[in-house]
Number of protein chains: 2
Amino acid sequence: MTLRLYDLAGAEPERRFSPYCWRTRLALAHKGLAVETIPWRFTEKAAIAASGQGLVPVLVDGDRWVSDSWTIANYLEDTYPERPSLFGGAAGRGLTRYYSTVADGLVAAIFPFVALDILDRIAAEDRDYFRTSREKRVGTTLEAFTAGRETKLPAFRSGLTPLRRTLTAQPFLAGDEPLYADYAVFGPLQWARCISPFELLEKDDPVRLWRDRLLDRFGGLARKSPAYDV
Amino acid sequence: MTLRLYDLAGAEPERRFSPYCWRTRLALAHKGLAVETIPWRFTEKAAIAASGQGLVPVLVDGDRWVSDSWTIANYLEDTYPERPSLFGGAAGRGLTRYYSTVADGLVAAIFPFVALDILDRIAAEDRDYFRTSREKRVGTTLEAFTAGRETKLPAFRSGLTPLRRTLTAQPFLAGDEPLYADYAVFGPLQWARCISPFELLEKDDPVRLWRDRLLDRFGGLARKSPAYDV
């Protein structure tokens, strides 16, 4: 039975941009598992109620509903152990969790650059929800939150130094070939380029070159999705 | 033949405080390899000239001289493959490199808190070298660099969020048991407590509790070394 994935979409149903859903998309591709992705909007809580919560990604595998990207990655590894490993073994699974939390931090670090662009590109019915929930979280209007974003770029790019050094020394975070750690950290960067024309990374940044290598994987799965050339 | 390790020492030869040497000390203990540590001061470049450079750790294994903590870790893994793995496999080795660069960043983040304390506790013959080289690096006097360090604590502690979240979810960075990734990141925290009475971490911080678990490993190897109770 084909797996199904509820996948956050913008105003255009084919614009998929969630950093967390992208992790899962690449994890499924890594496992070689076919998936039917279902465009989902922030306010469609009823569609995923069977998962017991209201956020995507939500994976449906037969009669099992699995939410939370880290939980889904572990579910896929344990349910499909005969397929290529996402973690590279037990130690690899332990070592990968930190990458997942680093990626969460990267979402927070990128949000001031893209918040208003998200608002502009999501479905009309999502806009009130998005503005209200995010302005409550950041404590100001999205306009004020995003203002002067160019001035924040140097600090953002400097914060990528450990990733940059690692990706100068080896092609992927996991070494010669990518694993889930790569997909987890890739998610926030793919999120940004799918929803915002703002150029976060310089063209010759090793972090960008690594991102581009991941765009090419799995037949260009992530590159073919609607995005900006940044 | 017993391995030898040139290990940075303070004014007291038993005060060993290099964040990089501590990584190697724990890596050797993890491998179950006996080592004779040789107290070394910043200015004793001649003693390690055979390594082709002037920094510790330097490991001497028979007629081989190996420098750079990451190179040493890989050397130990490849030379003693029958002993417990430092990386947990090929993917684990790839995944561990990022921890090493994160740890380097942690050294830089901690330095403003401990720079002057280091100057106070190193050997007399090292003080000019240390002050001159570090003031050139940071672009100001060590006194000015360290001034008002309390005000920088909240940002420092906040920067540990991804580590904290990971170590709330599992006992070690590598999962249920520590690997080299843990030792790499532990190094900077051990450096601080060996050389400075300044309290970087709150007592109930999961990062501190993890550090304390590592202090207890290998018969309390890192806990028994001269240090401050912070």
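Guide: Contact means heavy atoms within 4.5 Å. The model is predicted: local features need pLDDT of at least 70, side-chain atom pairs count only at pLDDT 80 or more, and totals for chains, interfaces and linings use all residues. Residues are numbered from 1 along each chain as its sequence is written, chains are lettered from A and ligands numbered from 1 in the order in which they are written, and side-chain values use heavy atoms, without hydrogens or water.

Start with the loop around B:Pro13. Beyond its neighbours within four places in sequence, B:Pro13 is in contact with B:Pro39 and B:Arg41. B:Pro13 sits in the loop between strand S1 (3–8) and helix H1 (19–30) of chain B. Helices (H or I, at least four residues) and strands (E, at least two) are DSSP runs, numbered from the N terminus. The relative accessible area of B:Pro13 is 38%, which makes this residue partly exposed. The bands are: buried under 20%, exposed over 50%, partly exposed in between (1.4 Å probe, protein chains only).

Now take the S1–H1 loop in chain A. A:Arg16 is found there, between strand S1 (3–8) and helix H1 (19–30). A:Arg16 is buried, because its relative accessibility is 10%. Two side-chain partners stand out in the list. A:Arg16 makes a polar contact of 3.0 Å with the side chain of A:Asp7. The side chain of A:Thr37 is in polar contact with that of A:Arg16 at 2.8 Å. A polar contact is a pair of N or O atoms within 3.5 Å; within protein, one must be able to donate a hydrogen and the other to accept it, and residues adjacent in sequence count only if both atoms are side-chain atoms. Contacts of A:Arg16 outside four places in sequence include A:Leu8, A:Trp22, A:Ile38, A:Pro39, A:Cys194 and A:Ser225.

Next, how the two chains meet. 23 residues of chain A touch 23 residues of chain B. Together the chains bury about 2000 Å², with 66% of that area on carbon and sulfur atoms. Buried area is the accessible area (1.4 Å probe) lost when two parts are put together, summed over both. A:Leu95, A:Arg97 and A:Tyr98 supply 34% of what chain A buries against chain B, more than any other three residues. There are 10 residue pairs in polar contact between the chains, both residues at pLDDT 80 or more. The count of salt bridges between them is 0, a salt bridge being a side-chain nitrogen of Lys or Arg within 4 Å of a carboxyl oxygen of Asp or Glu.

On the side of chain A that touches chain B, helix H3 (90–121) and helix H7 (161–169) each give at least two residues. H3(A) has the largest share, 10 residues. That side divides into 13 nonpolar, 8 polar and 2 charged residues.

The copies use the same surface: 100% of the contact residues of chain A recur in chain B.

Last, some backbone points. Most residues other than glycine have a negative phi, and most peptide bonds are trans. The bond joining A:Val56 and A:Pro57 is cis, with omega about 10°. A:Pro57 lies in the loop between strand S2 (35–40) and strand S3 (58–61) of chain A. In chain B, the peptide bond from B:Val56 to B:Pro57 is cis, omega near 10°. A:Asp68 has a positive phi, near 80°. This residue is in the loop between strand S4 (64–67) and H2 of chain A. With 41% relative accessibility, A:Asp68 counts as partly exposed. A:Phe218 has a positive phi as well, about 55°, but lies in helix H9 (residues 206–224) of chain A. A:Phe218 is partly exposed at 33%.

How values were computed. Ala, Val, Leu, Ile, Met, Phe, Trp, Tyr, Cys and Pro count as nonpolar, Asp, Glu, Lys and Arg as charged, and the others, Gly among them, as polar.
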